[in-house]
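Welcome! Take a moment to turn the model around on your screen, and then let us walk through it together.

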Amino acid sequence: MQLNRSNFLRFLLQSEPGKPAISNGLRAVLALGVPMLIGQLINQRESGLLIGLMAYFVNLANIGGPYRIKAKAMAQATLGIAISVFVGTLVSKVPVLAVVLTFIWGLASGFASLYGNAGANVGLVVGISFITTIAQPGNLETALMRSLLCIIAGGWAMLLSLVMWPFRPYDPLRIALASCLNAMAQLTRGIAVGKVATTENILEVRKALETARTTLGTLRIGQSSRSWMNEPFLLLIQDGDRLLGLVIALTELLETHFQQQQYQPVQQLVDDALEQISVILQAIAKVISRKSASIDLENLKRICEAIKEQESLQRKTIAGSETDYTTLVAFTNLVLTLEKLIKQLQYTAQTAKSLADRSKMSQRDVDRLLLFEDEQRSLLSLLKENLTLDSAIFRHALRIGVSLAVGVILYTVTNLPMGYWVTLTIMLVLKPNLGATFKRFFQRVGGTILGAVLAAILLATITSKPVLDIIILLTVFFGVSLIAFNYGYSVVFLSIFVLLIIDIGHPISWQFAGFRVLNTLIGAGLAFASHYFIWPNWERDRLPSQLATALRECHKYFRDVMAVYQGTKERDSTIISQRRQTGLAIGNAQASFQGLLREPKMHKELVEPVMTLLLYMGRFTNAVTVLAVHLEHFRGTAPLPELETFVYQISLLLEQLADSIQQGITPPPLPDLEEMLQKIQPHLQALRTARIEELAVNQGHTPIRQAVIDYSILDLEIDQIVRRLTAMHSAMVRLTLGK
């Protein structure tokens with residue numbers, strides 16, 4: 001898809017969710033500023049600058065989390081940087097050896113991402129330190145001195161981050177859980193004001209929940225004794241999963257069944273209930289985040305009682321019509337879902353309060369936290385598993401190594417001034433997928449050009465060293481704070497910073513800014529070109545597999561839930577687990593599609609059918625979630641006749657859609673799903689009719705009433721399942737025909 005100018009600018013300027021990382025910026029200023037100041041006071045400005053820069057690099061390896069994890073990552077970064085600087089200094093005078101080792105260092109940096117965010121950050125800073133050092137030749141004495149300064153820098157960075165900086169190991173987990181609850185609050189509030197819950201809204205909640213789950217996964221207790229701190233967090237993650245299912249079920253019921261005229265009497269009550277749910281979720285999020293908040297469920301309970309009164313009124317005024325009884329069934333399911341949601345909110349609030357009351361953790365508990373399970377074994381096994389061209393990580397690592405080696409050869413042969421900026425740009429721009437590299441390319445080039453121009457203007461107009469030092473620290477603060485928020489903005493400030501500190505003590509002219517821009521263009525061009533010529537990794541090749549996986553997970557979720565209604569399986573925790581897997585699969589497909597949109601030459605006719613397919617996969621899953629939530633009230637009434645045939649046909653259709661998208665072929669014609677519905681409807685109608693007749697003489701609990709409770713929700717949702725599958729099939733046909 002060709003981006004027009006307006007979309008292209010929006011694409012480059014668009015910021016990531018969240019806020020600038022102010023604390024990271026302040027930490028970077030201290031890491032750099034203190035050594036620079038000491039260096040000036042003792043007349044060792046260059047050494048002070050080197051320590052400050054290396055301390056800044058070591059701080060990049062600080063990904064947060066428990067003390068042991070941060071300390072380990074920063075220690076690895078310190079050791080890796082010291083070795084890289086030592087080796088890089090010595091081999092810089094031997095071009096052939098420099099090229100070979102650059103390839104090896106690049107390969108290792110790419111492989112480091114196997115070990116999570118900490119590994120990726122350590123690999124990045126170790127790679128950067130090597131490729132910058134090989135452009136600064138020196139003898140053995142120089143190499144030893146630089147390595148010693150790097151170790152001092154690492155010690156300073158660790159002192160700053162692990163001792164002087166406020167230490168709260170569980171803050172990332174608290175933030176992720178609070179984000180999850182706040183996203184759910186926004187979802188429910190949006191429904192209250194008339195908006196429709198989109199797949200993106202639900203995926204945002206799922207993403208925050210998975211971030212919390214992953215973060216907790218790093219907090220494994222190293223000894224047999226258990227830490228109380230992990231238990232409430234684990235409960236909160238499980239509560240988040242249940243709350244998400246209930247919120248999805250509630251919003252699905254409201255969107256699907258409460259838009260008709262007969263529900264007007266309770267519309268305001270429903271909106272008030274949604275608003276209260278949103279307020280309660282936000283209050284729980286504040287308590288988890290250590291903020292003061294009052295969690296009050298009384299208003300929500302009163303609203304639920306008012307809706308129950310409307311249900312009772314509807315029950316009393318049934319005039320024997322099926323329409324009236326269908327309205328009653330919808331009321332009943334709404335009340336049941338609200339009651340379950342209230343109960344779950346109570347549990348979650350209690351857990352959040354217990355966490356707040358016992359938030360002090362002993363240092364001994366913290367020190368027992370480990371990052372990896374059976375670490376040495378897992379490190380080696382991960383490495384062995386990915387030593388194949390089938391591994392995307394291995395291909396990307398090779399791509400980095402080859403690109404860096406080519407960059408070194410290029411600037412060595414051409415004698416480019418500041419040539420290491422070619423390889424540095426490759427390290428920073430080259431990403432595993434083309435879409436991300438494409439975006440980084442333009443952000444890096446545009447930010448560098450603007451930063452170089454501004455730096456040249458500053459150097460031409462400001463001669464005071466103290467003023468320039470203050471500007472240097474400000475550019476570091478803004479550059480580091482904005483890295484995750486918007487890389488392009490960050491590059492502007494960091495480019496100014498680099499040009500202000502380069503060759504300290506020497507005059508810098510527009511010519512240096514020009515070389516900086518030229519080398520950045522060359523490096524960005526090499527990074528971008530490597531995706532075309534070195535094992536290309538196109539999202540358009542990955543997307544069909546991602547969509548097929550998502551469809552198969554939808555099928556498993558549908559099959560597991562319907563097996564309970566068919567009487568072939570008991571309700572268990574695997575259904576919740578499968579709901580999570582389905583959500584993750586749809587999220588992966590969504591992310592792949594977003595990456596595809598960033599790739600050049602993307603055919604615009606593919607956009608609409610893929611968007612439709614993803615949208616209705618999410619809605620199909622929501623309908624199944626309503627059925628899954630209702631299983632709590634399911635008592636195993638004899639299965640409905642024809643239900644087995646219905647489940648088989650839907651399962652077959654989902655498998656056919658998955659096979660078709662993976663193979664790139666048009667799916668088989670859609671079966672007559674309406675005919676299947678017509679075979680089930682008479683049995684459901686017979687149950688309703690029997691219950692309506694029974695109400696005249698017995699409004700208590702009877703086998704017929706239980707059968708209606710068991711299958712009334714099925715009556716409401718199977719029609720939605722059929723409609724959404726029909727839309728998915730239609731999108732698939734357009735998708736395959738548009739290729």
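Let us begin with helix α22, which covers residues 539-565: its 27 residues reach 39 Å from the first C-alpha to the last, close to the 39 Å expected at 1.5 Å a residue. Keep in mind that you are looking at a predicted model. After the helix comes Gly 567, which has a positive phi, near 80°.

Now zoom out. The protein chain contains 27 helices and 2 strands. Of its 739 residues, 53% count as buried. If you take the contacts between residues at least 6 apart in sequence, 82% of them join residues at least 24 apart. The chain exposes about 32,700 Å², and carbon and sulfur atoms supply 59% of that area.

**A buried serine**

Ser 592 sits in helix α23, residues 574-597. Why does Ser 592 count as buried? Its relative accessibility is 2%, and buried means under 20%, so Ser 592 qualifies. Which residues does Ser 592 contact, leaving aside its neighbours within four places in sequence? They are Glu 539, Arg 542, Leu 543 and Gln 546.

**The nonpolar cores**

In soluble globular proteins, nonpolar side chains tend to be buried together. Here are two such groups:

| Core | Size | Residues included |
|---|---|---|
| Largest nonpolar core | 118 residues | Tyr 565, Met 617, Phe 620 and Phe 646, with the most contacts inside it |
| Second, separate core | 85 residues | Leu 416, Val 445, Val 492 and Ile 496 among them |

In the core of 118 residues, the largest share comes from helix α11 (residues 264-288), which gives 13 residues.

**Empty spaces inside**

Rolling a probe the size of a water molecule over the atoms shows where empty space is left. How many cavities of 30 Å³ or more does a search of the whole structure find? It finds 7. The largest cavity has a volume of about 170 Å³. Its lining has 14 residues, and those nearest the centre are Ile 202, Ile 248, Gly 583, Thr 621 and Asn 622. Helices α9 (199-217), α10 (230-257), α23 and α24 (607-630) each supply at least two residues of this lining.

Methods:
Residues numbered from 1 in each chain as written. Predicted model: local features only at pLDDT ≥ 70, side-chain atom pairs only at ≥ 80, totals over all residues. Heavy atoms only, no water. Helix = DSSP H or I, 4+ residues; strand = E, 2+ residues; numbered from the N terminus. Expected span 1.5 Å × (residues − 1). Buried < 20%, exposed > 50% of the residue type's maximum accessible area, 1.4 Å probe, protein only. Contact = heavy atoms within 4.5 Å. Core = buried A, V, L, I, M, F, W, Y, C linked by side-chain atoms within 4.5 Å. Areas by Shrake-Rupley, 256 points an atom, 1.4 Å probe, with all protein chains shown as cover. 1 Å grid on protein atoms, 1.4 Å probe; cavity = no way out; pocket = protein on both sides within 12 Å on 5 of 7 lines; lining within 4 Å. Points joined across faces, edges and corners; volume = space filled by probe spheres on them.
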